[in-house]
Structure formats: structure tokens, C-alpha cells
Amino acid sequence: MPAIVLVGAQWGDEGKGKATDLLGSRVDYVVKFNGGNNAGHTVVIDGEKYALHLLPSGILTPGVTPIIANGVVVDIEVLFEELDALISRGVDVSRLKVSANAHIITQYHRTVDKVTERFLGKRQIGTTGRGIGPTYADKINRVGIRVQDLFDENILRQKVEGALAQKNHLLVKVYNRRAISVDEIVTDLLSYAERLRPMVADTALLLHQALTAGKTVLFEGGQATMLDVDHGTYPFVTSSNATSGGAVTGSGIGPNRIDRVLAVVKAYTTRVGAGPFPTELFDESGEFLRAKGFEFGTTTGRPRRCGWYDAPVARYTARINGVTDFVLTKLDVLTGLAAIPVCVAYSVDGVRHDEVPVSQSDFHHAKPIYEDFPGWTEDITGVRTFEELPRNAQDYVLALEKMSGARISAIGVGPGREAIVSRHDLIN
């Protein structure tokens, strides 16, 4: 059975939870391999909405083992808040496993994140202020705290002392904030240790054993390709690798174990936070997409920036990730438009670019070159086969498929878990 990587094809919020849910009971393990509680999935089951931030969306599927792998940074307080919220709604969370090697977000990471962002002023990145970046920075600087450290108080104290020796100088002397005490952090972290202990595992070994036994494993990326720290619109990116390659380092499996790469892409484009966005709309069309698509962040509640579909970004995503299949979401949001523009290329200082420019400056100044496609007025939320879609909707999907670099295998036509049109099997 396959190892499948699921990534976002734009700047996030594409609807990866729906794609995960589509695979449903055919998946044995769902693995979160990057990011933290700085992004979220909204999953609708039987009319009920579940907003997940740190937990893999597979936790909502009975029989699936959800895993928070080593590439994730974990805010333990948020972890237990999410678990408790699901338990109160009758969801079984007992299968959750957390990597012993995952790094922990502490109070000082959140504090540094917020004061640093404010200090940047007009040059703000648009972080969520949840401590993600500073935690990854500590990981790379080798002063991070891992989940396994919570079970050895001496080691934990030594690591917190080492981290705060630097952080307190920064907070007090640069940002005019109070120093944070070692005891405060150690006491807080130790308070979670015993509840966390049964969930902690060597998740890389667990996944190796699962794949060897023929289980189906879904690797679920947080954020999206255009927010990847290496391949996104740097510096307006997240602090981890949100592309398919991140599934390998972020979970501890070998690259030869991956069989399929699914990329989720909206029928239009959105972005939260600062950074270049060539197709962004500032008129009534943008407001139409925001209102009809309910484009507000799952984690932050921030209104999303909205724009038309960007084919060069989709091609870039297909290339960087090795995409085998696209899952197109929110096609129903476009219902009622007389014409639907699609960005097919960019103009940079009068020069046409059919691909995403390698220069960040060029991408920032890129102007979209649009091709218009006729819209449709029919309600498509009840459609379940491609042939039932209005002819113009079919033509729109086929046009996107042709210009995006991989086949479109599934299409979201409404908010519910059943509102999906399947064209090709996403597993076999």
C-alpha cells in the first residue's frame, strides 16, 4: 500500500482537510510533518465544523492513527486544548502519537515572536505570533527543547538555562521586556509531562514498520508550497519545508517510500499575511470571493487576500513537489460569475514570463496576464460526477488541468465532506 504526500499548492488554506477526509477509511496513518499551530484545517462532518490547528485532520477518522512527527514544533498547551475540545465532542483521540524528537514551543518563543514582529514595523512578515519561527531558529541553532527532554528534569533545566541565557539579553536590552525565569519555564513544561508520556513514540520507526506491513500512510503538510522556507516567496514564508521533500526529513522515512504526491489547489487563489500576490484583487471581485468562499483564517480569523487562479504558481507547485494529482477545491464559489479570469503568465517590465520568476523582485512586480473563461449559473453543490457539471464548469476544470502540470483528480463542489466529484482514484 502507498505512502501519499498531501501538500498545499498555493499560499495555504486550500482545503487540505477535505482532501484528507476524501481518502477517509482507506488511510491507516495520517502524519503531520511540518509547522505547528500556525495554520489550520476546517473539516465539516455531518454539518459539524471541526477547526484543527496542531492536530492532523486524520484524528477525526475512526481507526486512523494520527502522528505528529519530528518536523513539527509543538505547543503542548495548544495540543491538550485541541484534544480536550475533541474529547468533549465524543471524538476518540487515544491513537495519537507524538514524536520524541519534535521540538517544543515555549512561552519565550511566543514572546520573542511577537516583540520581534512589532520591532520590524513596516517590514513585518505577517507571522501568527505563535512562536513557530523562534522555535525553528532554536532548533537550527541547537538550543532547542525536544519532547523527550520533558522526561529528564535535569536535562530540561540545562537546556532552558542555555536558551534563556541568550533570550533574556535580547528581551531586556533590545526589546525592553522583563526577563523570563528558568523555573517558570521548567515548571510549566513539566506540568504536561505525565499526560504527554503515553503519546510519545519513535514515530520514524513506527512509520517504517507501518509501510513495511503494507499500511497506507498519508503525510499531511502544513501551510503550502508558496510558503516553504526554501521554495516559497521568501522572506514572506513559514519556517519549515511545506513541500513534499519536507515529508521525508519531517517524518524520518526514506524518499523511495513515497508513491503519490497530491496537491490541493483552490479554483481561485488566497493568501494570508504579507508578501507578493500577483493576482490579488482589490475590487468587488475580491470581496465576492472573500464573502462567498468565507475566506477568513482558521487559526487567526484574519481576512484572506483573494485573487484569481494563478496557473504559473500551479505549474511551479507541480514541478517542485513532483505532483501526481491535483485536488481542486471550492469550484462552487465561482458559480454566478459571467466570466472567470485565469492568470496564464506574467508581465514583468513588459517581458512575458510563463513561469514563476526566480527573482523575488521580479515576482513582486509581476502583473498577471489573464485569459477569460465563461462562467455558469447552475448550482453545482449537489453534483457528484464530472459529467453532471455544467459544460462551462467542465471546460474551466479541463483548462486548469491543461495549464497546471498534473491531472485534476478530484473537485470540491461544496463545504461538506460528501461534496466532491472524483475523476481518478487518489490512492491506486
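What is the relative accessible area of Lys-139?

Reply: Lys-139 has a relative accessible area of 28% and is partly exposed. Buried means under 20% relative accessible area, exposed means over 50%, and partly exposed lies in between (1.4 Å probe, protein chains only).

This is a predicted model, in which local features need pLDDT of at least 70, side-chain atom pairs count only at pLDDT 80 or more, and totals for chains, interfaces and linings use all residues. Residues are numbered from 1 along each chain as its sequence is written, and side-chain values use heavy atoms, leaving out hydrogens and water.

Lys-139 sits in helix α4, residues 132–140. Helices (H or I, at least four residues) and strands (E, at least two) are DSSP runs, numbered from the N terminus. Setting aside residues up to four places away in sequence, Lys-139 touches Asn-70, Gly-71, His-103 and Gly-144. Contact here means heavy atoms within 4.5 Å. An unreviewed UniProt entry lists Lys-139 under "active site", along with Asp-13 and His-41. UniProt positions follow the numbering used here, feature names are shortened, and annotations may be inferred rather than shown by experiment.

Now the sheet. It is open, has 10 strands and shows mixed pairing; the order is β9-β7-β5-β2-β10-β1-β11-β15-β19-β20. At its edges lie β9 (200–201) and β20 (420–422), each pairing on one side only. Two strands pair if DSSP finds at least two bridges between them. Strands of a sheet pair through backbone hydrogen bonds, either parallel or antiparallel. Strands β5 (residues 65–68) and β7 (residues 97–99) run parallel and share two bridges. Ile-68 has Val-98 of β7 as its bridge partner.

Further along the order comes β15. Five of its five residues are buried. Asp-325, Val-327 and Thr-329 point one way from β15, while Phe-326 and Leu-328 point the other way. Strand β11 (residues 258–266) pairs with β15 in the parallel sense over five bridges. β19 also runs parallel to β15, joined by four bridges. Phe-326 of β15 stands opposite Ala-263, and Phe-326 also stands opposite Ile-408 in β19.

Arg-407 pairs with Asp-325, with the closest N and O atoms 2.6 Å apart. Arg-407 lies in β19 (residues 407–412) and Asp-325 in β15 (residues 325–329), so the pair ties together parts that are 82 residues apart in sequence. Asp-325 is buried at 0%; Arg-407 is partly exposed at 33%.

The whole structure holds 21 salt bridges. The criterion is a side-chain nitrogen of Lys or Arg within 4 Å of a carboxyl oxygen of Asp or Glu. Side chains of opposite charge can pair when their charged atoms come close. Asp-354 is partly exposed at 37%, and Arg-352 is partly exposed at 49%.

Arg-391 and Asp-395 form another, at 3.8 Å from N to O. Both lie in helix α13 (residues 391–404), four residues apart, about one turn of the helix. Arg-391 is exposed at 54%, whereas Asp-395 is partly exposed at 35%. Elsewhere, salt bridges with shared partners join Asp-13, Lys-266, Glu-295, Arg-304 and Lys-330 into one network. Asp-13 is one of the residues that UniProt lists under "active site".
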